[in-house]
Amino acid sequence: MVELPRESMDAIVKRLRRAQGQIGGVLKMIDDGRDCEEIVTQVAAVSRALDRAGFAIVATGLKQCLIDSGGVDSVDSDKMQKLFLSLA
């Protein structure tokens with residue numbers, strides 16, 4: 001198990017809170033009967049924001065694994081690959 005550093009996670013949490021606000025905005029757009037194209041554009045923006053947050057978490061975890069283990073050889077590359085692919 002990798003313990004992620006709090007200072008690294010603060011920026012990621014901020015990004016996720018912003019995405020949470022965007023999701024609220026999308027729900028309001030739907031409730032207000034806004035144009036489908038506008039809604040889809042906003043959903044795509046939220047999706048990209050969540051993808052970036054996920055990649056940042058995985059990258060932070062990989063970096064921490066390298067620091068904690070003292071090198072690349074001890075990192076479970078199959079596990080890291082599965083994490084990255086789960087975001088694809």
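In which helix of the chain is confidence lowest, and in which is confidence highest? In this predicted model, the mean is lowest in helix α3 (residues 77–86), at 72, and highest in helix α1 (residues 6–31), at 92. The legends below begin with the whole chain and then turn to single regions.

**Notes for all views.** Residues are numbered from 1 along each chain as its sequence is written. Because the model is predicted, local features need pLDDT of at least 70 and side-chain atom pairs count only at pLDDT 80 or more, while totals for chains, interfaces and linings use all residues; side-chain values use heavy atoms, with hydrogens and water left out.

**View 1. The chain and its confidence.** The chain holds three helices and zero strands, in the pattern α-α-α along the sequence. Helices (H or I, at least four residues) and strands (E, at least two) are DSSP runs, numbered from the N terminus. The mean pLDDT of the chain is 83, and 81% of its residues reach 70 or more; pLDDT is the predictor's confidence in each residue, from 0 to 100. Where pLDDT is low, the predicted coordinates should not be read in detail.

**View 2. Surface and contacts of the chain.** The accessible surface comes to about 6500 Å², and 57% of this area belongs to carbon and sulfur atoms. Such areas come from the Shrake-Rupley method with a 1.4 Å probe; for residues, only the protein chains shown count as cover. Of the 88 residues in the chain, 22% are buried. Buried means under 20% relative accessible area, exposed over 50%, and partly exposed in between (1.4 Å probe, protein chains only). Among contacts (heavy atoms within 4.5 Å) between residues at least 6 apart in sequence, 63% join residues at least 24 apart.

**View 3. Helix α1 along its length.** The expected span of a helix is 1.5 Å times one less than its number of residues. The 26 residues of α1 should therefore span 38 Å, and this agrees with the 37 Å between its end C-alpha atoms. Met 9, Ile 12, Ala 19, Val 26 and Met 29 are buried in α1. Gly 25 also lies in this helix; Gly 25 counts as partly exposed because its relative accessibility is 29%. The C-alpha atoms of Gly 25 and Val 43 are 9.6 Å apart in space, although the two residues are 18 residues apart in sequence. After α1 comes Gly 33, whose phi is positive, near 75°.

**View 4. Two salt bridges.** A salt bridge is a side-chain nitrogen of Lys or Arg within 4 Å of a carboxyl oxygen of Asp or Glu, and by this rule the count comes to two. In one, Lys 28 pairs with Asp 32, with the closest N and O atoms 2.8 Å apart. Asp 32 has a relative accessible area of 47%, so Asp 32 is partly exposed. In the other, the side chains of Arg 34 and Glu 38 meet at 2.5 Å, N to O. Arg 34 is partly exposed, with a relative accessible area of 42%, and Glu 38 is likewise partly exposed, at 34%.

**View 5. A nonpolar surface patch.** Leu 16, Ile 23, Leu 27, Ile 30, Leu 50 and Ile 57 make a nonpolar patch of about 470 Å². Patches are made of residues with over 30% relative accessible area and no salt bridge; like charges are joined within 9 Å, and nonpolar side chains (Val, Leu, Ile, Met, Phe, Trp, Tyr) within 5 Å. Helices α1 and α2 each supply at least two residues of the patch, and α1 gives the most, with four. Ile 57 is found in helix α2.

View 6. Leaving aside residues up to four places away in sequence, Ala 53 touches Ile 12, Arg 15 and Leu 16. Ala 53 and Ile 12 are 41 residues apart in sequence, yet their C-alpha atoms are 5.8 Å apart in space.

View 7. Thr 60 is found in helix α2 (residues 36–69) and is buried, with a relative accessible area of 15%. Not counting residues up to four places away in sequence, Thr 60 touches Leu 4, Pro 5, Ser 8 and Ile 12. Leu 62, also found in helix α2, is partly exposed, with a relative accessible area of 26%. The C-alpha atoms of Leu 62 and Leu 4 are separated by 9.6 Å, with the two residues 58 residues apart along the chain.
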